[in-house]
Amino acid sequence: MATAGLQVGGFTQMTTIDYPDHLAAVVFCQGCPLRCHYCHNPELLRRRTDEPLAWSEILDFLAARRGLLDAVVFSGGEPTLQRSLMQAVIEVKALGYLIGLHTAGIYPGRLQQLLPLVDWVGLDIKALAQDYPRLTGVPHGGESAWRSARLLAASGVPHEIRTTLYPAIDNDDYRNRLRRELATLGELTHRWQPCRESPGNKPDHDRSKNQISFY
Ligand code: SF4
């Protein structure tokens, strides 16, 4: 019986791109305290009091797909925002799935508790720690995200650190500084990802270059 009570705002039954080299389902957890300029899932940001998708039904689906899917990825929103994530991970792991986690790393304490249970982590490092407020629209988060990167490096859990090339940081000098800072944390796999536009997200590249200065 499902007990996690996870708030889920979306569910993808099968994907080949969200967990490296494995077929996965993706659970989009509801809620995120950040307000990144380039967010692709604005409908997932607000906390809700209702249950958009019943966790018990998702768990039933996953139980029925054992052997057909390899992994379940918890994404968002920000999955580690929810205290019930740990129990949800335990329930899915008990079904025999690999566990993937997409996170912005802003709750390093919860990430630390989850690391022994997860098989792969995609961690967003959005900028140098001091530049987070201008990119995420909230005053905190940078130090926590970088602390999560340090925890991930120490854990040995397979992972990918991703940095979205928002126009304001898409220059050689900034990219080099960020890479150098990551290198101080230990063994980490990092890649840049393009800043894509979506219906709810149309970054004005010229405007952002002019109005968001990280120097
Ligand atoms: S952390 Fe992710 S979900 Fe949250 S606002 Fe930023 S891009 Fe959107």
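Colleague: Which residues surround the ligand?
Modeller: Keep in mind this is a predicted model. Around the ligand you get Cys32, Leu34, Arg35, Cys36, Cys39, Asn41, Leu45, Gly76, Gly77, Glu78 and Ala104.

Colleague: And how does that shell split by class?
Modeller: There are 6 nonpolar residues, 3 polar and 2 charged.

Colleague: OK, switching to the sheet. What's the strand order?
Modeller: It's an open sheet of 7 strands, ordered β1-β2-β3-β4-β5-β6-β7, with mixed pairing. β1 (8-15) and β7 (190-193) are the edge strands; each has a single partner, so one side of each has no neighbour in the sheet. From one strand to the next, the twist averages 20°.

Colleague: How many bridges join β3 to β4?
Modeller: 4 bridges, linking residues 71-76 of β3 with residues 98-103 of β4, and the two strands run parallel. For instance, Val73 has Gly100 in β4 as its bridge partner.

Colleague: Which strands does helix α1 touch?
Modeller: α1 (residues 55-64) packs on the sheet and touches β1, β2 (24-29) and β3. The direction of α1 makes about 10° with that of β1.

Colleague: Now the core. Which residues touch the most other members?
Modeller: In the largest nonpolar core, which has 53 residues, those are Ala24, Val27, Val72 and Ala149. β2 gives the most to this core, with 6 residues.

Colleague: What is Ala149 in contact with, leaving aside neighbours within four places in sequence?
Modeller: Gly105, Leu123, Ile125, Ile161, Leu182, Leu185 and Leu188.

Conventions: Residues are numbered from 1 along each chain as its sequence is written. This is a predicted model: local features need pLDDT of at least 70, side-chain atom pairs count only at pLDDT 80 or more; totals for chains, interfaces and linings use all residues. A residue is near a molecule or strand if its C-beta atom, placed from the backbone, lies within 6 Å of it. Ala, Val, Leu, Ile, Met, Phe, Trp, Tyr, Cys and Pro count as nonpolar, Asp, Glu, Lys and Arg as charged, and the others, Gly among them, as polar. Two strands pair if DSSP finds at least two bridges between them. Axes are lines fitted to C-alpha atoms, for helices over the stretch in contact, and angles run from 0 to 180 degrees between N-to-C directions. Two residues are in contact if their C-beta atoms, placed from the backbone, lie within 7 Å. A nonpolar core is a set of buried Ala, Val, Leu, Ile, Met, Phe, Trp, Tyr and Cys residues joined through C-beta atoms within 7 Å. A residue is buried if 20 or more other C-beta atoms lie within 10 Å of its own, exposed if 12 or fewer, and partly exposed in between; C-beta atoms are placed from the backbone.
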